[in-house]
Amino acid sequence: LDKAVEAAQEQLEAIRRLQACDLLEQLPDKLQETAALRLEYPELSLSELAEEFDPPISKSCLNHRLRTLMELARKLSD
């Protein structure tokens with residue numbers, strides 16, 4: 001559980017960093033939707049968050065999108 005909470009916090013931090021640089025709006029719709037849902041539901045696990053999409057997406061797909069967001073935010077720091 002601690003690991004999931006820590007991961008969610010890292011994801012939120014990355015999304016906020018992208019927001020602060022006004023880059024979120026420039027991302028593809030799927031990444032924007034992923035960021036919006038993570039911000040709206042910071043407490044949900046990946047499985048639960050994947051179910052919030054319409055239509056629901058796989059946990060693997062969600063994980064890939066979140067990793068992409070985190071990588072983009074990481075590049076801002078470089």
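**Figure 1. Lys75, an exposed residue of the predicted model.** Lys75 counts as exposed because its relative accessibility is 52%, and exposed residues are those over 50%. The structure shown here and in the other views is a predicted model. Lys75 is found in helix H4. Between Lys75 and Glu51 there are 29 Å in space, C-alpha to C-alpha, and the two are 24 residues apart in sequence.

**Figure 2. The largest pocket and its lining.** The volume of the largest pocket is about 360 Å³. Its lining is made up of 19 residues, of which Lys3, Ala4, Val5, Ala7 and Ala8 are the closest to the centre. Helix H1 gives the most, with nine residues. Sorted by class, the lining has eight nonpolar residues, six charged residues and five polar residues.

**Figure 3. The cis peptide bond between Asp54 and Pro55****.** The peptide bond that joins Asp54 and Pro55 is cis, with omega at about 0°. Pro55 belongs to the loop between H3 and H4.

**Figure 4. The backbone at Asp22.** Asp22 is not a glycine, yet its phi is positive, at about 55°. The loop between H1 and helix H2 (29–40) holds Asp22.

How values were computed:
Residues are numbered from 1 along each chain as its sequence is written. This is a predicted model: local features need pLDDT of at least 70, side-chain atom pairs count only at pLDDT 80 or more; totals for chains, interfaces and linings use all residues. Side-chain values use heavy atoms; hydrogens and water are left out. On a 1 Å grid over the protein atoms alone, a cavity is a set of points where a 1.4 Å probe fits but cannot get out, and a pocket is an open set with protein on both sides within 12 Å along at least five of seven lines; lining residues have an atom within 4 Å of a point. Grid points are joined across faces, edges and corners, and a volume is the space filled by probe spheres set on the points. Helices (H or I, at least four residues) and strands (E, at least two) are DSSP runs, numbered from the N terminus. Ala, Val, Leu, Ile, Met, Phe, Trp, Tyr, Cys and Pro count as nonpolar, Asp, Glu, Lys and Arg as charged, and the others, Gly among them, as polar. Buried means under 20% relative accessible area, exposed over 50%, partly exposed in between (1.4 Å probe, protein chains only).
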